[in-house]
There are 2 protein chains.
Amino acid sequence: MKHNQATRRDFLSTTVSAGIAAGMANGGFFESPLHANETKKLGVALVGLGSLSTNQIAPGLLHSSHCKLAAIVTGTPAKESVWAAKYGIAKDHIYNYESFEKIASDDSIDIVYVVLPNSMHAEFTIRAAKAGKHVLCEKPMANTAEECREMIAACKKADRKLAIGYRCQYEPHHLYCMNLAKTKELGAIKHIEAGFGFKIGDPTQWRLKKKLAGGGALMDVGIYALQACRYLTGEEPVSVIAQETKTDAVKFAEVDESIAWMMKFPSGVVAHCTTTYSLNGINRFHATTENGYIRMDPAYSYNDNRLETARGTSRGETKLAQVDQFATEMDEFAKCILENKPSKVSGEEGLKDMLVVEAIYDSIKTGASVRVVA
Amino acid sequence: MKHNQATRRDFLSTTVSAGIAAGMANGGFFESPLHANETKKLGVALVGLGSLSTNQIAPGLLHSSHCKLAAIVTGTPAKESVWAAKYGIAKDHIYNYESFEKIASDDSIDIVYVVLPNSMHAEFTIRAAKAGKHVLCEKPMANTAEECREMIAACKKADRKLAIGYRCQYEPHHLYCMNLAKTKELGAIKHIEAGFGFKIGDPTQWRLKKKLAGGGALMDVGIYALQACRYLTGEEPVSVIAQETKTDAVKFAEVDESIAWMMKFPSGVVAHCTTTYSLNGINRFHATTENGYIRMDPAYSYNDNRLETARGTSRGETKLAQVDQFATEMDEFAKCILENKPSKVSGEEGLKDMLVVEAIYDSIKTGASVRVVA
């Protein structure tokens, strides 16, 4: 409760116009019917204890109102004692990939959060659902649209919720932008530029292995820009046209290094997108509206994202509260479970992105425009 | 002299770093070896007295150090007396399209500035060269690359200079950006987004007639974004891939309304470009460098362009002197004539843009990537 109150207060104390703030509050995000002290926190089993789990998700869970770290699943025995000590996890809540199915009888676990290399997302989502657990799966949802469909079907069959780790959809600046887009306060969005990339380090990491990662920059970070275009327009792209650039054929022998693509939306909006594993500094979107623009730069960072809007020649920065995107994401998923409603970042949402990703890869192969088919 | 001094002083009094400012001064642009009071001004015959001539070029000539309005050529008799009175032009320096060749014996005319609809650029450039005059021709240079080649050949044969009205190449903020790109002070440029468009009014104007305009938004304003990418990278694009969007099939029955295209450069830089006749607010470029970015927004206006650069997370606006872009363009052309050196915005430069424009139109037709062939 404290966290939500603080967020809302900070949020409302900014330069947000009353209309927009009211619109967002009415949207339900900042008005939680839940009270942490009235309900037990849901237990989360973290599967995969890499950098994201270590540095973002586990610390984020400490700030969650409705979730707590209940169990860990790791393929690295050395990590067990470290995590057990740090987070007070008893031995009978520690699993490995072989003993994973035993979570079925661990009542402390309500949610399995899959933070494994992309190629393992489908398998562990399906195994978790079969074990009777709700699943929060990191992005990209899977390696292929076909896998996404299998994950959705498995969760449906098990009557479990499925959500994808699209943390930006819980970030106040992004929410503010979505609301600006929806209310057309600056006019309808007519054109978007969006991109996300970074200079990748260690050449031996799993992200550069096709079998583990499925793809390269596009699936890892390009998907943020892709998502932003979809939730800003509120539309699904009709077609994409893409091209790849490779400057290091050794390091990027298996996956894409840089991809530039255009997406055409039903309303006529064209989005120019970019992703790369070889350059820091592309972390933004710029949506041109009829009367101005909405720009975030940086847009997809864990914190310190910056939002600038313009109406005609009048420009200004809008500073909103910083939230722990992972804590908020988990709290919202907990609410979906407790209230039995679908997540806004559902498996179907992840599938939609994957259909576009596949169309982009197809376009690179053919050198021509490719229709996105649901 | 006065004008150049003022420009230089204002320029150097800004937040420009000493190194960059020195680099630009050494580049020769702000250090003119000419002195207006030591040489006679060159006479300019303005051909086509539409809005650009009326509101920008003729007033610009009043601020020129090395040029003066000497004659007019118009197809509208009613304009003759208005211009004669306003600019003190005697009857024997007023021509129409039929009497145009008589300029050959008018010694008050050194330069013919062609400001006609695009489809007339080639004809009047060639006629002017044959009449023994130097030619400054508005952009786009012509309707086709073939016409550009004929114009270049005609001026070469007549031993006359030819320059294209790329005014941004004389705008201090653009020059500053070009220098930043060249010196790599923020690292090499790795990615560009650029676009220029506006909401076109009167549906009966020549810009919407294929026969007069050659094309639509791309040839009229998209060419600014195209040029910016070329002079920022210092490279010629290898290939383009483009798509068109038409929301008003009646108004834009003959020419392109909106085009989005990507250009790939030899260094691996990809430029995402946009042009439109149906939206104000896209008037910018954002070049991501290894260590930051260079952004102008607005970028291609007659004045009040805005430049922002970033090094890492440190961002700042750089304010430079406002100049009359047309006066400066004409002064620089006058210097080329008097010093017998080629213009940096030569006919060859115009041809290079037109080759890209043609590749873009080809890509729209084929839906595939098209190589740009010189």
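What rotation superposes chain B on chain A? In this predicted model, a rotation of 180 degrees does so, with 0.0 Å of shift along its axis and an RMSD of 0.0 Å. The two copies are therefore related as by a two-fold rotation axis. Within chain B, the C-alpha nearest this axis belongs to Ala368(B), at 2.3 Å from it. Both copies use the same surface: 100% of the contact residues of chain B recur in chain A.

**The sheet of chain A**

Chain A contains an open sheet of 9 strands with mixed pairing, in the order S14-S13-S12-S11-S7-S10-S9-S8-S15. Its edge strands, S14 and S15, each pair on one side only. Strands S7 and S10 of chain A pair in the parallel sense over 7 bridges. One of the residues involved is Ala194(A), whose bridge partner in S10(A) is Cys273(A). Helix H11 of chain A, residues 347–366, packs on the sheet and touches S8, S9 and S15 of chain A. The direction of this helix makes about 60 degrees with that of S8(A).

| Strand of chain A | Residues |
|---|---|
| S7 | 189–197 |
| S10 | 270–276 |
| S14 | 314–318 |
| S15 | 370–371 |

**A helix pair in chain B**

In chain B, the axes of helix H6 (residues 145–157) and helix H11 (residues 347–366) come within 9 Å and cross at roughly 170 degrees. Angles over 145 degrees count as roughly antiparallel, so H6(B) is roughly antiparallel to H11(B). The contact includes Cys148(B) and Ile152(B) of H6(B), and Leu351(B) and Met354(B) of H11(B). The residues of this contact divide into 8 nonpolar, 2 polar and 3 charged.

Conventions: Residues are numbered from 1 along each chain as its sequence is written. Chains are lettered from A and ligands numbered from 1 in the order in which they are written. This is a predicted model: local features need pLDDT of at least 70, side-chain atom pairs count only at pLDDT 80 or more; totals for chains, interfaces and linings use all residues. Two strands pair if DSSP finds at least two bridges between them. Helices (H or I, at least four residues) and strands (E, at least two) are DSSP runs, numbered from the N terminus. Two residues are in contact if their C-beta atoms, placed from the backbone, lie within 7 Å. Axes are lines fitted to C-alpha atoms, for helices over the stretch in contact, and angles run from 0 to 180 degrees between N-to-C directions. Copies are superposed by least squares on the C-alpha atoms of residues with pLDDT of at least 70 in both. Angles under 35 degrees count as roughly parallel, over 145 as roughly antiparallel, 65 to 115 as roughly perpendicular and the rest as oblique. Ala, Val, Leu, Ile, Met, Phe, Trp, Tyr, Cys and Pro count as nonpolar, Asp, Glu, Lys and Arg as charged, and the others, Gly among them, as polar.
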